[in-house]
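This report covers salt bridges and nonpolar cores in one structure. Please read it alongside the sequence and the coordinates.

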Amino acid sequence: MSTVIDLPRIIAHRGAKANAPENTIAAFRRAHEEGARWVEFDVQLSADGQPVVIHDHTLERTTNGRGEVRAKTLAELQALDAGAWFGRSFAGERIPSLAETLEFLASRGMGFNLEVKPCAGRERETAEIALELVKRRWPSGLPTPIISSFKLDSLAAARDVDPGLPRGYLVDKLPPDWRATAERLDCAAIHPGMRRLTRDQAREIKSAGYALLTWTVNDVGRGRDLLAWGADSLITDAPGDIAAGLAL
């Protein structure tokens, strides 16, 4: 099993998305301002094979564009406004490339959880391209990132590209065969949704030697319970508020 190093208690989900437009440099900057040491973000590929940071496979919710991310080139994607939907003060924010995101996080000394969020049919390709870039561009002296995905083919590709980068098995509800899958993919962490996670499951994950990162924790009381159950990291939209409420 790979080793996860120096996990923080709080990881900012798509940046501080409660207070800035998700998956933008503005959201990552706000996360840093709120004291988050790590951020989580999503990566998929543009039409010209460039890794970009955006959650949805379509553009309508978080930009002024229309259609599928996979149908647009990097230049076309970065011509869109990815901030005005959230608030006027964020107008002009762009969809960041993975390279730009890594550069920003490195400048702040922040770590990250990269979720491979491939469109259908590009599960391996997305992970391979993203991981090759991380290998080339992420400074060795900064926190070792975690690569997570719901897609098993993406986790397998991440393992093949860079076995030394810890992998997180991302699930909504913990399946009965979770441990066999995690062992097969040599994962270091399990990332279950917090709503369906039970105390017994959390303890089972920890007793099996895995790091436990759970999402999306925006309630202080629930966060306190999850930490008591052994969670290593809480992935949250409001890192400042949750950290303050838990006195972290």
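Asp160 has 44% relative accessibility and therefore counts as partly exposed; the term covers the range between buried (under 20% relative accessible area) and exposed (over 50%), with a 1.4 Å probe and protein chains only. The model is predicted: local features need pLDDT of at least 70, side-chain atom pairs count only at pLDDT 80 or more, and totals for chains, interfaces and linings use all residues. Residues are numbered from 1 along each chain as its sequence is written, and side-chain values use heavy atoms, with hydrogens and water left out.

The side chain of Asp160 forms a salt bridge with that of Arg124 (3.0 Å, N to O). A salt bridge here is a side-chain nitrogen of Lys or Arg within 4 Å of a carboxyl oxygen of Asp or Glu. Because Asp160 belongs to helix α5 and Arg124 to helix α4, the pair ties together parts that are 36 residues apart in sequence. Helices (H or I, at least four residues) and strands (E, at least two) are DSSP runs, numbered from the N terminus.

Arg124 also meets Glu128 in a salt bridge. Both of these residues, Glu128 and Arg124, sit in helix α4, four residues apart, or about one turn of the helix. Arg124 is partly exposed at 34% relative accessibility, and Glu128 is partly exposed at 29%.

A further pair is Asp237 with Lys17. Asp237 is in the loop between β9 (233-236) and α9 (239-245), and Lys17 in the loop between β1 (10-13) and α1, so this bridge ties together parts that are 220 residues apart in sequence. Asp237 is buried at 12% relative accessibility, while Lys17 is partly exposed at 22%.

| Salt bridge | N to O distance |
|---|---|
| Asp160 and Arg124 | 3.0 Å |
| Glu128 and Arg124 | 3.6 Å |
| Asp237 and Lys17 | 3.9 Å |

Over the whole structure, the search finds 17 salt bridges.

The largest nonpolar core has 30 residues. Such a core is a set of buried Ala, Val, Leu, Ile, Met, Phe, Trp, Tyr and Cys residues joined through side-chain atoms within 4.5 Å. Val39, Phe41, Leu98, Leu105, Phe112 and Leu114 have the most contacts inside this core. Elements giving two or more residues to the core include α3 (98-108), α4 (123-137) and α5 (152-161). A second, separate core has 27 residues, among them Trp178, Ala202, Ile205 and Ala208.
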